[in-house]
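Hi,

Here is the structure I said I would pass on to you. Have it open while you read, and my notes follow below.

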Amino acid sequence: MKKTLLYGCALAAAMMATSCDDFLTEDVRGTENLDTYFQTEEEVNSFVGGCYFEITKMDWWQVVNAWLMSDMTTDDMWDGNTTQDDGYQDVTHFMPSAPTNGILQNFWGARYQGINTCNTAIARIPGAKMDETLREQRLAEARFLRAFFYFDLARNFGGVPLIKEPLSNAEGIGRASLDEVYDFLEAEFDAVSKILPERSEYSAADMGRATRGAALGFLGKVQLYRGKYDAAKATLSQLTRKSTEYELLPDFGQVWSVKYNNSKESLFEVQQTYGGDQYQLGGALTVMTGCRNGVGDGWSWGQPTSDLENAYIAAGDTERLRWTIIKTGCTEIAGENQFEKFIENNSTVFEKGINDAKFTNYKDVFGWTNAVYNSSYVIDPAQHKSARIIRKYFLPLEDRPEVYNICKIPLNHRILRYADVLLMYAEACNETNDDNEARWALNEVRKRVHLPDVTASGDELRQAIRLERRLELAFEQNRLYDIRRWKENGKSVMANLFGPSGSFVKYNLGPDADMYENWNQGEPSSKGTRFVEPRDLLWPVPSYEVQHSNGAIIQNEGW
């Protein structure tokens with residue numbers, strides 16, 4: 001990691017502590033001296049607010065960009081934008097240049113800044129003069145966030161430097177093993193789960209803070225990733241069979257609606273708000289992934305693959321398909337009640353209307369009719385690899401803030417929700433031969449989208465659970481870590497999808513390839529051909545960190 005951890009930046013962030021809910025909204029303060037800080041409850045609350053700030057740092061390029069790139073590195077998503085320089089492909093197309101990728105460097109640095117902020121809080125909070133119960137809770141919140149930051153690093157890079165105290169210089173600190181990091185995370189999530197309040201015990205002003213449920217959810221996820229299925233089953237049962245704290249929303253369309261931020265399905269999510277002209281306190285993914293042309297929604301990075309769309313169609317899953325993917329030529333968008341107004345600016349796609357040469361070409365190539373141009377939502381295939389965008393991040397006109405721009409979108413980002421918990425529980429039960437319980441959890445998720453109960457057992461049930469995770473959790477930063485850890489035919493599922501003989505690669509280069517993806521080679525359809533196992537089951541450690549560690553940090557295998 002970098003020689004100097006940015007104490008000043010971390011402290012300034014903590015002093016600002018800006019976010020959606022009251023507990024993260026504090027007056028902007030000047031630089032404080034740590035030796036005289038942490039004296040009062042107000043100061044502790046403000047600094048812990050800064051720890052929450054570190055989840056995304058309220059911008060797009062430090063953390064959110066890497067989250068988006070994780071889904072790009074799967075069969076669910078293309079990089080997408082074919083009109084600008086692509087800063088993703090050296091990672092998402094498994095290039096040998098990946099260790100020098102700036103997105104990886106930003107992510108690594110941001111996560112360690114967050115860890116150092118949490119370490120400062122953990123070291124200083126015990127000396128604060130405040131209510132003892134609240135002091136222990138704030139300390140547990142900082143420990144929870146530190147563990148989450150380490151989890152985000154470990155699942156991407158493997159073993160990483162494990163730093164548990166504030167440092168201004170981390171030179172010479174090498175990597176702990178992945179087992180050592182995961183042992184630490186299990187111990188931390190378990191410990192704080194015994195301290196943090198239940199979600200129902202928080203007031204509305206404190207909604208969004210770490211809870212017992214969030215700690216147990218991440219504990220179960222770590223255990224599942226490690227193949228500790230008995231432990232994962234026991235942990236996750238505390239959120240399913242033994243708790244009434246969480247439940248599925250009745251309508252899948254509510255899950256990613258701004259009207260349902262912090263819903264009863266949410267275990268942990270990033271708090272976003274609209275800060276007007278002056279402040280960037282909102283989310284970025286709505287703009288980053290929005291359509292580039294026409295109404296000018298966004299930057300068009302991160303586009304759904306036809307392979308994912310086909311998976312919904314094959315499963316008969318029309319409900320989740322319409323709330324997950326928006327496709328060019330559609331005559332409605334799920335949840336958009338002002339569709340005709342929304343598409344008014346479609347004319348900007350083609351300078352001369354239906355006689356424009358580009359549109360004439362689309363008629364010939366794609367079989368478009370004048371009706372496509374006149375009454376549908378056009379996602380220009382020349383600018384978008386798949387001519388599709390993500391519906392989950394989309395904001396209908398009625399929900400859009402006055403200034404619709406990057407980092408101003410009030411849609412909370414869902415990090416962990418109950419459907420994920422149910423499917424993790426189903427997987428752990430299936431792996432421990434408790435198929436009755438696995439079917440119960442799986443079918444709870446399927447009922448919401450009106451799909452029939454699965455009655456299978458054994459490996460057939462395992463495949464059904466895996467498919468359900470893909471369809472339910474698409475674009476929620478789960479797919480990459482699932483296909484890396486799952487095994488099939490003696491290899492990771494990822495190795496069966498990617499590589500020269502991978503099923504995803506063969507589909508995109510074969511005769512049945514999607515017409516939009518096949519036509520636009522601004523991003524090559526050969527994505528995945530360079531995949532190598534085991535090298536690409538982890539991201540490389542950023543070259544800067546290796547080079548400036550004085551030999552302490554060893555690069556991942558194959559890089």
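Helix 5 and helix 6 cross in a left-handed way (left-handed if the near helix is turned anticlockwise from the far one by less than a right angle, right-handed if clockwise). Helices here are DSSP runs of H or I with at least four residues, strands are E runs with at least two, and both are numbered from the N terminus. Helix 6 covers residues 132-157, and it packs against helix 5 at an angle of about 155 degrees, with the axes 9 Å apart. (Axes are lines fitted to C-alpha atoms, for helices over the stretch in contact, and angles run from 0 to 180 degrees between N-to-C directions.) That makes helix 5 roughly antiparallel to helix 6; the cut-offs are under 35 degrees for roughly parallel, over 145 for roughly antiparallel, 65 to 115 for roughly perpendicular, and oblique for the rest.

The residues that meet include Phe 107, Trp 108 and Arg 111 from helix 5, and Phe 148, Phe 149 and Asp 152 from helix 6. Contact means heavy atoms within 4.5 Å. By type, the residues of this helix 5 and helix 6 contact are 16 nonpolar, three polar and four charged. (Ala, Val, Leu, Ile, Met, Phe, Trp, Tyr, Cys and Pro count as nonpolar, Asp, Glu, Lys and Arg as charged, and the others, Gly among them, as polar.)

Before you go further: this is a predicted model, where local features need pLDDT of at least 70, side-chain atom pairs count only at pLDDT 80 or more, and totals for chains, interfaces and linings use all residues. Residues are numbered from 1 along each chain as its sequence is written, and side-chain values use heavy atoms, with hydrogens and water left out.

Helix 5 (residues 102-124) also packs against helix 2 (residues 41-53), at an angle of about 155 degrees and with the axes 9 Å apart. So helix 2 is roughly antiparallel to helix 5, and their crossing is left-handed. Phe 47, Gly 50 and Cys 51 of helix 2 meet Thr 117, Cys 118, Thr 120 and Ala 121 of helix 5. That contact has four nonpolar residues, three polar and no charged.

Now for another pair. Helix 8 (residues 212-225) and helix 9 (residues 229-237) pack at about 165 degrees, with their axes 8 Å apart. They are therefore roughly antiparallel, and this crossing is left-handed too. Among the residues that meet are Leu 216 and Gly 220 in helix 8, and Tyr 229 and Ala 232 in helix 9. The types in this contact are seven nonpolar, four polar and no charged.

Two loops are worth a look. Glu 533 and Pro 534 are joined by a cis peptide bond, with omega about 10 degrees, and Pro 534 sits in the loop between helix 22 and helix 23. Ser 300 is not a glycine, yet its phi is positive, near 60 degrees; Ser 300 is in the loop between helix 10 and strand 3.

As for the whole protein, there are 23 helices and eight strands.

Over residues 1-31 it stays under 50. Where pLDDT is low, the predicted coordinates should not be read in detail.

Cheers

Technical notes:
pLDDT is the predictor's confidence in each residue, from 0 to 100.
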